[in-house]
Amino acid sequence: MSIEVRNIRKQFGSFTALDDVSLDFPTGELVALLGPSGCGKTTLLRIIAGLESADSGSVLLEGEDASHTHVRERQVGFVFQHYALFRHMSVFDNVAFGLRVKPRKERPSEAVIRKKVHELLELVQLDWLADRFPAQLSGGQRQRIALARALAVEPRVLLLDEPFGALDAKVRKELRRWLRRLHDELHITSIFVTHDQEEALEVADRVVLMDHGHVEQIGTPEEVYRHPATPFVYGFLGAVNHFHGRAEDGQVRVGEDLLHRGQDALALTLDQGAPVVAFARPHELDILPGEAGNLGVAAKISRILAFGVTARIELDGVNGSSGQHFEVELTREQVERQGLAEGQPVRLVPSRLKVFEQKGA
Amino acid sequence: MAGAATTLHWHGDHASKYESRSATREAPWVKGLILGLSLTFFAVFLLLPLVAVFVEALRKGLETYWLALVEPDALSAIKLTLITAAIALPVNLVFGVAAAWAIAKFEFRGKQLLTTLIDLPFSVSPVVAGLIYVLIFGAQGWFGPWLAEHDIRIVFAVPGIVLATVFVTFPFVARELIPLMQAQGKEEEEAAVVLGANGWQTFWHVTLPNIKWGLLYGVILCNARAMGEFGAVSVVSGHIRGQTNTMPLHVEILYNEYNFAAAFAVASVLALLALVTLVIKTWVEWKAAQAQAAIEK
Amino acid sequence: MAAQQHKVLPGFHLALGYTLVYLSLVVLIPLAAVFIKSSALSLEEFWAVVSAPRVVATYQVSFGLSLLAAAINAVFGLMLAWALVRYRFPGKKLVDALVDLPFALPTAVAGIALTALYAGNGWLGQYLEPLGIKVAFGPLGILVALVFIGLPFVVRTVQPILEDLDTELEEAAASLGAQRWQTFRLVILPILLPALLTGFALAFARAVGEYGSVIFIAGNLPFVSEITPLMIITKLEQYDYVGATAIAVVMLLISFALLLLINLLQAWTAKRTGRNR
């Protein structure tokens, strides 16, 4: 089922959680709402579920306005961050809850409920835990039970609030893959909220990046990672180096140095002297030894971390970029070939650069 | 346990959160019904008796009211009540701190049992609490003959009143401090010891600042009970006017003599004391919540 | 109770020693006196005292009315706690603070105030008596006094649990299609139940032993409105120390049983709500 949100606004006191947000979630997709805490992503999810009501705007489920439908009638499956399992009920009773509270006319017989619950428990591969209580389960198991419980009522959409937030790193990785496989099996329209970019990029069909109650960018994981639309997205997705400088003849000047990428000048259409911030990922920077030449930004190597396949080189800016810190990823081979050493003065030259005008500077 | 169901705890008001969310609110008529019933119940059973005390006290005018309070028997009852509280309070305060220190900061066998035994006086009927001292120090009691020989009076005299009061107020401070000190753990004290502080310094500079609001809370509740105790004191007092009458006992005597205005006048002083207790109690809860919030920031 | 290893913090032996001595002197030895004193009676004599018809009648009055009062408090106390946690209304802070009034108000004061309200010429009594409802100087008066002193126990045990209740649980129930009433019955009430029962038991325990607030309003008619604690006083006034002691033993045993029950209930509350206290 498709979900649309139209011009949603939500205010908590003086804090604006959502500021005119409109989004489409096509049928059958697994979408991640990604952003830092306080960006409004959980509020949006709760509004879609009907747990929170928007100050203005509407939520359309399958084209129908559901803004005034109570959460219990919306038929959404919601998986809570801390699972919200009923601790006085066994795993079986938890999963059966949604079926047992149906109005008498719609309520399946106890035998049907039993069969259905066991099917769901098998789906989440935890049938053997049916008689346990939530307190006896591990975090990952609770998560899967919460999911089975949400699925029991055959929801039209599945909403997950930070589904892996409370788990340790190893379990989190496993569950991510498992959720992706489950989605490929069920193909139910799903939205999950996360602040973990790796999680969003790895699991989702589509990523919605949010900040301060605004949608910053929507796209496939590859699109948003490779072509960030705003400085926020650039900074939020993956490690990145910032160069603060100003526009000059279509180039970026950082202090005295020209941030130059090889021969082709940047086609900047900014006013002369406008403050800009330029982004380059660690693997998009090259290190040129020595202070010679006018190419690139001067820096000094502060540390070389060369224990993996790739080496990470940390640098401190000097002259115009002093006070800034940079990070470059090279292969170990390159490090050895260039004979880089800590304390060495070098110049940084980007192979790829994205420049944004700095607003409010 | 009984009598101390109230522990230091600030009820932050989150009602608007529940009321604004569709999943956690009731239909307006349900809300109206619950509010209506519970507040009517509150008004009839709690508010009305309180108001009645003051109205009855002033029924015959301010002068009668005043005379009832400054009459010598009333003054001596006030004095005895103050003396009793002045003894029971510090004694139980010292005990409460010692017990909480042992129970909250150390591991030993029988701890659970000890905690339960400390609660015991709360579950004993005040009348039984009075009776036990009569059985020990009364004329027919264990020490009765010996005390009579040495012309020492405990029962039907001030010491008996103090003893019975100490018994019924016994758990208040300990009850308040034990959970509080358990929750705080002992890391801070251990850090102080590692830094070279001695026992007294550790307690004074580290423990006490952490528990001061809980301590004050326990003392206030203890004081209210000490000044207001009736049943236990009634058994051991002997009701000798001007000598072994505390304020609650004085109220009883006046009431039984159909001197209602005077009885309610003295009762109104006790009711005022109760209100002051509640005000200080609320203030302490608020201060403690602030202190907690400051720590968590 | 021996210390197993070297203690880092000082004062353990002093604090524990003082606690034990003081506890023994003030509480344990005097309480033991009751049992020792009662052993002066043979088992038959003891039974004769505690099963005398007038005494048995006081048990019926004390326990019956205490149970009823605790039940009334469980219902209205839960409602009041719910209103205080869940609803906004004017004067809420005042109501919240005054809930503890029965803890702070001397019982004798409560006793005469309630009597003044419910006597035939009192504020409420003058309207109730023409209807044939006689409150003061009868069992109903005892009930009113016991409801008064028991109310805060229920409110104050339920309120914190209700405050800590994770709203996600109710939201989960609602998202699974549960009606509000179903959510209350199947999700909220089971979590509150241990605390509610604890409050009930505390109110009951307090009511059984209550004396001050009851005697003024009870009328104290043998076989009708005489409570067990008053029976002890009556025996004492007749210099029947042994008789008083025998009844005290019965009351103490019941208190201990209730104390045990309450501890079990509190452990259950802790388990049900995930609190560690």
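Trainee: Which residues have the most contacts inside the largest nonpolar core?

Mentor: This is a predicted model, in which local features need pLDDT of at least 70, side-chain atom pairs count only at pLDDT 80 or more, and totals for chains, interfaces and linings use all residues. Side-chain values use heavy atoms, without hydrogens and water. A nonpolar core is a set of buried Ala, Val, Leu, Ile, Met, Phe, Trp, Tyr and Cys residues joined through side-chain atoms within 4.5 Å, where buried means under 20% relative accessible area, exposed over 50% and partly exposed in between (1.4 Å probe, protein chains only). The largest has 225 residues, and those with the most contacts inside it are A:Leu33, A:Leu44, A:Phe97, A:Leu159, B:Ile118, B:Phe167 and C:Ile232.

Trainee: Why do A:Tyr234 and A:Phe279 count as stacked?

Mentor: Rings of Phe, Tyr and Trp (its six-membered ring) pair if their centres lie within 6.5 Å; planes under 30 degrees apart count as stacked, over 60 as edge-to-face and the rest as tilted. For A:Tyr234 and A:Phe279, the centres are 4.8 Å apart and the planes stand at 15°.

Trainee: Is A:Tyr234 buried or exposed?

Mentor: A:Tyr234 lies in helix H8 (residues 231–236) of chain A; helices (H or I, at least four residues) and strands (E, at least two) are DSSP runs numbered from the N terminus. With a relative accessible area of 2%, A:Tyr234 is buried.

Trainee: What relative accessibility does B:Trp200 have?

Mentor: B:Trp200 forms a stacked pair with B:Trp204, which is partly exposed at 45%. B:Trp200 itself counts as exposed, its relative accessibility being 58%.

Methods:
Residues numbered from 1 in each chain as written. Chains lettered and ligands numbered in written order.
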